[in-house]
Each structure stands twice: as C-alpha cells, then as structure tokens.
Amino acid sequence: GRFGNLITTGDNQDVGFDVLSLALSRTADGGWEAKTETFLAPLGRPIDLHIAGGRLYVMEYTRPTNFKDQRGWLPGRILELARE
C-alpha cells in the first residue's frame with residue numbers, strides 16, 4: 001500500500017493512494033528486479049494490508065483519494081476484498 005504524498009510538488013502530481021502488486025525475480029548478476037502494477041486505486045491513504053481466510057483487508061487512514069481536493073481529514077475505513 002502506498003500512503004500518498006503529503007507535500008505538493010510543482011507539477012501537482014499525486015503519488016500513492018493505491019495498492020501495488022509486485023512480482024520479484026532474480027537477475028543474472030544475483031540481484032533482484034521488481035515488476036510493479038497498480039492493483040487497487042484510488043484509495044484514501046492505505047496504511048496496512050492483511051490477508052485472512054482468502055480475503056484481503058485494506059485499512060485506510062482517511063477518505064480523500066488525492067491531495068489536490070484539499071477536502072480535509074475524514075474518518076478512514078476498512079475495505080474487504082474477496083474472490084467470487
């Protein structure tokens with residue numbers, strides 16, 4: 001989970017507010033390489049992830065899903081994702 005930027009930049013680009021999927025693989029020199037993809041977005045500053053009983057739980061710190069809206073801090077939530 002990527003919490004999201006707290007400091008505005010000159011380009012006003014939001015970073016984070018999502019969950020990434022990572023696929024790690026060894027390189028020829030013995031190092032590691034990661035392929036990353038956005039799995040779930042937008043989110044309100046995810047702070048923790050938990051897998052239990054075949055379900056993924058995502059804990060959000062607050063509800064705004066970007067920095068630009070300047071909506072203030074609203075209570076977070078727990079999201080439950082399950083395969084059907």
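Visitor: Quick one before we start. What do buried, exposed and partly exposed mean here?

Guide: Buried means under 20% relative accessible area, exposed means over 50%, and partly exposed is in between. Keep in mind that this is a predicted model.

Visitor: What does Glu80 pair with in a salt bridge?

Guide: Its partner is Arg55, and the closest N and O atoms are 3.8 Å apart. Glu80 sits in strand 5 and Arg55 in strand 4. The two are 25 residues apart, so this pair links distant parts of the chain. Arg55 is partly exposed too, at 34% relative accessibility.

Visitor: Why would such side chains pair at all?

Guide: Side chains of opposite charge can pair when their charged atoms come close.

Visitor: How many salt bridges does the structure hold?

Guide: There are 4. Among them is the one between Arg77 and Glu60, with the closest N and O atoms 2.5 Å apart. Arg77 is in the loop between strand 4 and strand 5, while Glu60 is in strand 4, so the bridge ties together parts that are 17 residues apart in sequence.

Visitor: Is Glu60 buried or exposed?

Guide: Glu60 counts as buried, because its relative accessibility is 5%. Arg77 is partly exposed, at 32%.

Visitor: Show me another one. What does Asp18 meet in a salt bridge?

Guide: Asp18 meets Arg2, at 2.9 Å from N to O. Both lie in the segment before strand 1, so the pair ties together parts that are 16 residues apart in sequence. Asp18 is buried, with a relative accessible area of 5%. Arg2 is partly exposed, at 34%.

Visitor: New topic: aromatics. How many aromatic pairs turn up?

Guide: A search of the whole structure finds 1. The rings belong to Phe3 and Tyr61, with their centres 5.8 Å apart and their planes at 55 degrees, so the pair is tilted.

Visitor: Why tilted?

Guide: Planes under 30 degrees apart count as stacked and those over 60 as edge-to-face, so the rest are tilted. The planes of Phe3 and Tyr61 stand at 55 degrees.

Visitor: Where do Phe3 and Tyr61 sit in the chain?

Guide: Phe3 is in the segment before strand 1 (19–26). Tyr61 is in the loop between strand 4 (55–60) and strand 5 (78–82). They are 58 residues apart, and the pair links distant parts of the chain. Phe3 is partly exposed at 28% relative accessibility, and Tyr61 is partly exposed at 49%.

Visitor: On to strands. In what sense do strand 1 and strand 2 pair?

Guide: They pair in the antiparallel sense, over 8 bridges, with strand 2 covering residues 32–40. Leu22, for one, has Thr36 in strand 2 as its bridge partner. The two strands form a hairpin with 5 residues between them. Gly30 in the turn has a positive phi of about 90 degrees.

Visitor: What does Thr38 touch?

Guide: Thr38 is in strand 2. Leaving out residues up to four places away in sequence, Thr38 touches Asp18, Val19 and Leu20. At 51% relative accessibility, Thr38 counts as exposed. The C-alpha atoms of Thr38 and Gly1 are 9.8 Å apart in space, although the residues are 37 apart in sequence.

Visitor: And the other strands? What is the strand order in the open sheet?

Guide: The order is 3-4-5, with antiparallel pairing of the 3 strands. Strand 3 (46–52) and strand 5 stand at the edges, each with a single partner strand, so one side of each has no neighbour in the sheet. Neighbouring strands are turned by 20 degrees against each other on average, direction ignored.

Visitor: How many bridges join strand 3 and strand 4?

Guide: They pair over 6 bridges. Asp48 stands opposite Met59 in strand 4.

Visitor: Last one. Which residues make up the largest nonpolar core?

Guide: It has 5 residues: Val19, Leu43, Leu56, Val58 and Leu79. Beyond its neighbours within four places in sequence, Val58 has contacts including Val19, Leu43 and Leu79 from that core. Asp48 and Arg77 are also among the contacts of Val58.

Key
Residues are numbered from 1 along each chain as its sequence is written. This is a predicted model: local features need pLDDT of at least 70, side-chain atom pairs count only at pLDDT 80 or more; totals for chains, interfaces and linings use all residues. Side-chain values use heavy atoms; hydrogens and water are left out. Rings of Phe, Tyr and Trp (its six-membered ring) pair if their centres lie within 6.5 Å; planes under 30 degrees apart count as stacked, over 60 as edge-to-face and the rest as tilted. Helices (H or I, at least four residues) and strands (E, at least two) are DSSP runs, numbered from the N terminus. Buried means under 20% relative accessible area, exposed over 50%, partly exposed in between (1.4 Å probe, protein chains only). A salt bridge is a side-chain nitrogen of Lys or Arg within 4 Å of a carboxyl oxygen of Asp or Glu. Two strands pair if DSSP finds at least two bridges between them. Contact means heavy atoms within 4.5 Å. A nonpolar core is a set of buried Ala, Val, Leu, Ile, Met, Phe, Trp, Tyr and Cys residues joined through side-chain atoms within 4.5 Å. Axes are lines fitted to C-alpha atoms, for helices over the stretch in contact, and angles run from 0 to 180 degrees between N-to-C directions.
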